[in-house]
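Dear colleague,

Please find the sequence and the structure below. A summary of the findings follows them.

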Amino acid sequence: MEWNAETLQFLSQCFLHTLSPNPEPRRRAESSLSEAADRPNYGLAVLRLVAEPSVDEQIRQCAAVNFKNHLRVRWATEVSREPNAVTLAPIPDPEKEQIKALIVPLMLSATPRIQSQLSEALSLIGKHDFPKKWPSLLPELVSSLRTASQSSDYVSISGILGTANSIFKKFRYQYKTNDLLLDLKYCLDNFAAPLLEIFLKTATLIDSVVNAGGPAVAATLRPLIESQRLCCRIFYSLNFQELPEFFEDHMKEWMSEFKKYLTTRYPALEEGSGDGLAVVDHLRSAVCENISLYIEKNEEEFQGYLNDFALAVWSLLGTASASSGRDQLTINAIKFLTTVSTSVHHALFAADDVISQICQGIVIPNVRLRDEDEELFEMNYVEFIRRDMEGSDLDTRRRIACELLKGIATNYKEKVTAIVSVQIQNMLGSCATNPAANWKDKDCAIYLVVSLATKKAGGTSVSTDLVNVENFYGSVIVPELKSQDVNGFPMLKAGALKFFTMFRNQISKPIAIALVPDVARFLVSESNVVHSYAANCIEKLLLVREEGGIARYTSSDISPFLPVLISNLFNALKFPESEENQYVMKCIMRVLGVADITREVAGPCILELTNVLAEVCKNPKNPVFNHYLFEAVAVLVRRACEKDASLISAFEGSLFPCLQTILVNDVTEFFPYAFQILAQLVELNRPPIPPSYMQIFELLLSPDSWRKTANVPALVRLLQAFLQKAPHELNREGRLSQVLGIFERLVSSHTTDEQGFYVLNTVIENLGYEVITPYVGHIWATLFGRLQKNRTIKFVKCFLIFMSLFLVKHGSTNLMDSINAVQANIFLVILEQFWIPNLKLITGDIELKLTSVASTRLLCESPALLDPTSAKQWGKLLDSIVTLLSRPEQDRVEVELEVPDIGETMVYAATYVPLQNAGRKEEDPLKEIKDPKEFLVASLANLSARSPGRYPQIISENLDSANQAALLQLCGTYNLRIV
């Protein structure tokens with residue numbers, strides 16, 4: 001795309017029309033730009049349009065956004081592994097170089113809105129090219145920074161620092177490697193000194209502006225404060241990996257200014273209208289992160305400044321934590337004190353009055369519910385739960401305040417426990433005097449007990465020294481949950497439910513189960529948070545296990561109130577904004593997994609679940625809810641139909657319309673789930689399979705169904721179910737050819753080859769040899785072709801398992817003859833190159849048994865191996881069998897060198913999630929053989945008895961000494977001899 005007047009006119013018109021409120025011209029313009037984007041120099045042309053002063057500002061801003069998005073998808077394109085996926089044409093290298101030459105000066109001269117877009121675009125380029133492919137960037141930024149500094153052009157300075165901040169962020173998040181440290185050294189050598197220079201200059205300017213006063217102080221201060229914040233963020237990135245020498249040498253300059261920003265107030269900004277206070281707080285918050293980094297990583301070098309900073313932060317918290325809207329500063333300030341409390345300088349917190357002041361002045365005010373918390377509770381229950389729920393990693397004032405107490409308790413547990421226990425009793429007493437007015441005191445007390453509980457390593461059990469759990473439960477929690485008004489004081493009810501959930505292991509079964517019907521009443525509370533917490537409480541309670549791993553709560557425990565429980569759960573899904581409540585659906589799934597599923601329970605449940613499914617099919621938007629929905633369907637189908645087979649047809653009648661909607665309306669998000677549920681239904685049926693399923697079978701055999709890789713595991717699962725339940729259908733209308741065509745397609749790619757073997761293994765298991773004979777040669781040819789071109793360890797293991805299954809199903813003679821028919825005497829080559837060396841890599845109980853028994857039969861039945869000329873191969877095969885059977889997995893299985901493609905794996909995981917309740921039961925093809933070790937020794941004893949004296953010599957010549965000893969021990973174990 002050449003840059004000329006026509007291009008300028010074309011692009012200007014397109015970007016103008018993309019802003020049109022009318023859909024038709026907007027769509028035409030977007031289509032034209034999409035086509036133009038494939039042409040070389042498109043990105044360069046758009047960038048030049050952004051630089052054209054004669055073009056309207058709004059059009060140029062629109063072009064800047066388009067330019068940024070163009071770079072995002074085309075600067076470094078990735079080849080998709082999906083069949084038929086469209087790969088976007090990457091930006092050619094010459095065009096990239098021209099863009100890199102233009103973008104920095106253009107960004108610096110642009111208006112603020114365009115500058116922010118170009119800064120993001122520059123960061124995108126830097127992510128891929130900086131520093132190795134863009135060595136000129138940092139010198140250009142430094143030069144521009146010095147020029148802007150001389151003229152005090154803080155618009156440009158902020159643009160440069162913002163860009164530097166973006167490209168240096170990688171030093172915070174990437175693993176420390178030699179390459180990363182070399183890049184860091186390059187950045188430090190070029191940018192550390194200019195950074196300090198602009199930081200100190202700006203600090204001087206701030207002081208002079210404040211001292212001078214005047215009406216324009218706030219407007220002048222704002223860009224200076226923002227510039228210092230960006231300097232602090234760059235400081236954090238450059239110091240994250242380790243303390244650089246330059247920063248150690250100049251620590252005093254940095255720390256003096258950091259302390260000043262924590263202790264100095266700027267009334268002109270902080271007390272004015274607008275967001276002036278937030279601007280200053282963002283700088284203070286960044287300073288707190290920097291000093292937290294230093295106390296955590298550079299404790300020795302930082303200790304001289306610690307006392308002053310601790311006092312400054314403490315003083316700052318006194319005002320900041322009392323104000324709403326200053327959350328981030330409060331959180332980062334408390335984090336700093338928490339880090340100090342767990343360091344070697346914890347003595348700062350040793351005095352009783354200090355801990356008491358922290359508890360009363362910092363912890364309790366930040367734990368106590370504020371108006372914002374109540375508003376979030378009522379207006380956005382999902383976000384409230386996300387912040388509040390056990391296990392959340394989100395920093396909130398409430399959580400971080402409790403973390404400070406935990407930090408101090410690391411060294412002063414008894415003092416903390418004594419002080420906090422008194423505070424808790426005081427708050428409970430306050431609530432008791434006037435529950436309606438002081439209910440927040442009780443909520444605060446409950447929150448402290450829950451948040452300060454310590455979790456035992458590796459388990460779900462928690463403990464606390466603050467209160468006696470059962471006494472607190474009986475006197476504080478039970479009265480709340482016994483309350484008949486399920487809608488009264490909802491935040492207090494939510495706290496009580498959270499306590500019950502947290503201490504579910506500590507509360508004895510009779511006491512806990514007595515309260516479950518009351519918890520079930522809260523499922524119909526109008527508060528989304530309350531009925532979510534009630535569902536979560538019941539779901540977690542049903543997971544509790546005794547020390548031996550036995551479930552504490554069984555079907556008989558919940559059967560007295562099961563109808564009410566299930567009714568309330570489904571009614572909870574009818575509340576506004578809880579139509580797709582994942583906590584409620586997860587509880588439904590768990591209850592159906594524990595309860596006694598009678599016909600009376602199953603009927604209403606499948607009706608309710610299919611109604612919900614029909615609704616979410618219209619617009620799937622909550623993947624977690626959807627997953628639990630399908631799990632609930634799967635567990636209901638499995639448990640109900642296994643108990644009462646007559647329910648299958650009723651379930652089919654309810655589910656088929658929904659499954660048909662998914663397939664016909666192309667609800668692709670649900671395809672893997674639908675195929676797994678169908679597989680489950682097929683497996684539950686007794687042959688012959690009803691005709692309604694055969695239409696699905698035809699769809700399954702269509703190549704189009706297999707185009708999306710993410711659907712493959714679920715499709716294979718369904719195909720296996722059909723092959724197992726209706727193998728005779730394969731002989732009709734060329735279906736076996738179609739199935740083997742699917743196998744061939746899957747096995748040709750390393751991403752789906754394992755699934756291809758699942759199909760092939762099922763064919764071999766369920767069809768007679770006379771049926772598959774015409775196709776066997778083609779099967780071997782396909783597998784040998786893949787072995788030659790692109791074999792992996794995973795493929796070789798699957799290949800070995802398949803050959804073993806073939807042998808145990810159809811005999812060693814058929815295995816060898818069919819392989820040798822492809823190429824004369826190729827079987828012994830396969831045996832030497834693949835079977836013998838890789839047998840030790842097999843894992844999994846059924847797979848190990850299958851391959852060891854197949855290898856043993858080959859050893860003792862195959863005329864080719866029993867021939868004296870094959871003595872060496874015979875001995876080496878036995879050596880591999882003994883290795884497989886006698887050595888632990890970690891000693892024989894090497895670490896696989898194949899590293900999966902992360903991007904591919906993530907896409908796969910995001911679209912295909914196996915349903916735990918619809919899993920395929922693994923069949924043992926050798927049920928009659930209980931012990932493969934005994935089978936080996938018995939087979940060898942029988943074989944050697946027919947040729948005494950022959951095999952001991954072969955064994956001594958070909959088995960290593962450890963395996964000879966292991967074989968001798970096996971013979972002793974089973975009282976058999978090899979003669």
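How many salt bridges does the structure hold? The structure holds 57 salt bridges, a salt bridge being a side-chain nitrogen of Lys or Arg within 4 Å of a carboxyl oxygen of Asp or Glu. Please note that this is a predicted model, in which local features need pLDDT of at least 70 and side-chain atom pairs count only at pLDDT 80 or more, while totals for chains, interfaces and linings use all residues. Residues are numbered from 1 along each chain as its sequence is written, and side-chain values use heavy atoms, with hydrogens and water left out.

Individual salt bridges

One of the salt bridges joins the side chains of Glu-374 and Lys-440, at 2.6 Å from N to O. This pair links distant parts of the chain, with Glu-374 in helix 19 (residues 371-379) and Lys-440 in helix 22 (residues 435-451), 66 residues apart. Helices (H or I, at least four residues) and strands (E, at least two) are DSSP runs, numbered from the N terminus.

Glu-480 and Lys-493 form another salt bridge, in which the closest N and O atoms are 3.2 Å apart. Glu-480 belongs to helix 23 (residues 469-482) and Lys-493 to helix 24 (residues 490-502), so this pair ties together parts that are 13 residues apart in sequence. Both Glu-480 and Lys-493 are buried; buried means under 20% relative accessible area, exposed means over 50%, and partly exposed lies in between (1.4 Å probe, protein chains only).

A salt bridge is also found between Glu-615 and Lys-618, with the closest N and O atoms 3.3 Å apart. Here Glu-615 is partly exposed because its relative accessible area is 48%, whereas Lys-618 is exposed, with a relative accessible area of 64%.

Charge and surface

The protein chain carries 95 positive and 113 negative side chains, and the centres of the two sets lie 2 Å apart. Lys and Arg count as positive and Asp and Glu as negative, while His and the chain ends are not counted; the place of a charge is taken as NZ of Lys, CZ of Arg, CG of Asp or CD of Glu.

Glu-245, Glu-248, Asp-249, Glu-300 and Glu-301 form a negative surface patch. The elements that give two or more residues to this patch are helix 12 (245-249) and helix 16 (299-320), and helix 12 gives the most, with three residues. Patches are made of residues with over 30% relative accessible area and no salt bridge, like charges being joined within 9 Å and nonpolar side chains (Val, Leu, Ile, Met, Phe, Trp, Tyr) within 5 Å. Glu-245, found in helix 12, counts as exposed because its relative accessibility is 61%.

By contrast, Asp-518 counts as buried, at 10% relative accessibility. Asp-518 has its place in helix 25 (residues 509-521) and touches Leu-481 and Lys-482, not counting residues up to four places away in sequence; contact means heavy atoms within 4.5 Å.

The chain as a whole

The secondary structure of the protein chain comes to 49 helices and two strands. Its C-alpha trace spans about 110 × 80 × 65 Å along the principal axes. Of the 979 residues in the protein chain, 53% are buried. Among contacts between residues at least 6 apart in sequence, 74% join residues at least 24 apart.

With kind regards

Conventions
Areas by Shrake-Rupley, 256 points an atom, 1.4 Å probe, with all protein chains shown as cover.
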